[in-house]
Amino acid sequence: MAQAQEKVQPLYDAGREEVVREPRKIEYVGMALVGMLVLVLFAKPEWIGGAFTAMLDKVKPIVVDVFLTGSVGVAIILSVMTGRLLERLGFTDALMRLFVPLTKKIGVNPAVVVPGVYNILGDINAAGRIGGPILKQARATKDEQKIAIAAMVQSQQSFSCFMLGLIALSAAGINAFPVVILTIFAPLVLVPWILSKTLWRDTRPVPLKDLPSFTPDRPFFPTLFNGAKEGAELLFLLVIPAVAVIFGIIGLLDYIGIWASIEAAMSTVLGWIGVHPQTGITAIMASPTLAMAQLKDIAATLDPRLVVGAFVLAASGLPLSDIFGQIPAIWSANSELSPKEALQAAVLGMVMRLVTVAIIAFGLTPFLLS
C-alpha cells in the first residue's frame, strides 16, 4: 500500500503547478529600505540613533511639558466635562432652536454649527467628541459632517487665545468688534452656505419637530464624572498619540535638514497673506494661545495689518498637529467619516481660513483702525 502511494504521489504533484506570488509595489519599497538600512548600519550607524533621538527630543517637550504636566491636557479634560454639562443643561437643544431658521434658508442640517460653537467655548478635541455623535443623532449626511468640520476650524479653540488677541488688537489701535464678528461668528453660517452650494451638496434642512432631543436625562454628578473620564480617555488615547506622530515627523525632518527650509517658506507665505511671521509660525506649529501672548507684547510696534492677520490666523483650528492628527483621529472615531475624509474637510477649512486672513488683513484693516 505504501509503495502504491509513493507511485501515485509524483503523478499527483506533476499535475500541480507551483503558484508564485508576484511582489507588490510596497514590497519593492520595503526591499529598498532594507538595503538602505544595511548601508547605513555599515557606514553611519549613528544616524539611526540620531534620527530617533531627534524625534524623541521634538515629541517629549510637547507631550510631557504641554499635555501631561502643563495646562493644555487639563484644559482638554475640563473642556469635555464642561461640554457635557452644557449638553445636560439644554445648551445643544437651545442652539438647534436658534439656528434652525438660518440653516433652513441655507438648506443644511442645523447640527453643522454645533461643533463650531463648542469649539469657540472650549476645545477642538472636545468639539469633535461631542459634535460628532450629535451630527449622527441629527441624521446629518456625510457631506454635512464634512461641512461641520470645515466650519469648526474657522474659530479659536481657546478662550485665553481670544482674550489675548483682543488685548493685541487694542494695543495696535484696532476696533476689535467687527474683527470678532467677521472672523469668528460669521463663518458659522457663511462656510456651510458656500460649501453646500459648491463642493458638498448632499444637504437637507431638518425642521425642529423632526430633530431628537439632545439633552440627556442622566443625573448631574454622573454627567460631570463621566465627562471628566471621557476627557481623560480623549487625551491619552487620541490626542497624545496624534501629537506624537506629527511632532515625531517634524523631528525627523529637522534631523535630515529639511525642516529649516520648510519654516523659511512658511515665513514667506505668511508675509504674503498679511501675518506677522514669528507669531504665525508659533500658531501653526505650536500653540495659537502662545502666539497671541507673543503678539500682545509687540502689537503696538507692528503694522496693524500684520496684527489683524495674526489674530485671524490664530483664531482657528491650528496648530497643524490638530489638523493632521487630532481631527482625523477623533472624528473618525465619533462620526461616520473616515480619517481621510475628516482630514480633507479640515484642510479645506484651513485653506478657507487663510483666504479669510488675506481678505481681512489687506482689505478691511484700514477701516478697522480706531
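Okay, let's start with helix H7 (residues 124-137) and helix H12 (residues 220-256): their axes come within 11 Å and cross at roughly 110°. That makes H7 roughly perpendicular to H12, a label for angles of 65 to 115 degrees, with under 35 counted as roughly parallel, over 145 as roughly antiparallel and the rest as oblique. Axes here are lines fitted to C-alpha atoms over the stretch in contact, with angles from 0 to 180 degrees between N-to-C directions, and helices are DSSP runs of H or I, at least four residues, numbered from the N terminus.

One caveat before I go on: this is a predicted model, where local features need pLDDT of at least 70 and side-chain atom pairs count only at pLDDT 80 or more, while totals for chains, interfaces and linings use all residues. Numbering runs from 1 along each chain as its sequence is written, and side-chain values use heavy atoms, with hydrogens and water left out.

So who touches whom? On the H7 side we have Asn125, Ala126 and Arg129, and on the H12 side Glu230, Glu233, Leu234, Leu238 and Val239, with contact meaning heavy atoms within 4.5 Å. That contact splits into four nonpolar, one polar and three charged residues. (Ala, Val, Leu, Ile, Met, Phe, Trp, Tyr, Cys and Pro count as nonpolar, Asp, Glu, Lys and Arg as charged, and the others, Gly among them, as polar.)

Next pair: the axes of H15 (residues 288-298) and H16 (residues 304-314) come within 9 Å and cross at roughly 160°. That makes H15 roughly antiparallel to H16. Here Pro288, Met292 and Leu295 of H15 meet Val307, Ala310, Phe311 and Ala314 of H16. By class, that contact has seven nonpolar, no polar and no charged residues.

The Leu318 to Pro319 peptide bond is cis, with omega near 10°. For context, most residues other than glycine have a negative phi, and most peptide bonds are trans.

Last one, back at H12. What sits over the ring of Phe220? The charged end of Arg88, 4.5 Å from the ring centre. The rule is NZ of Lys or CZ of Arg within 6 Å of the ring centre and within 35 degrees of the ring normal.

Notes:
Helix = DSSP H or I, 4+ residues; strand = E, 2+ residues; numbered from the N terminus.
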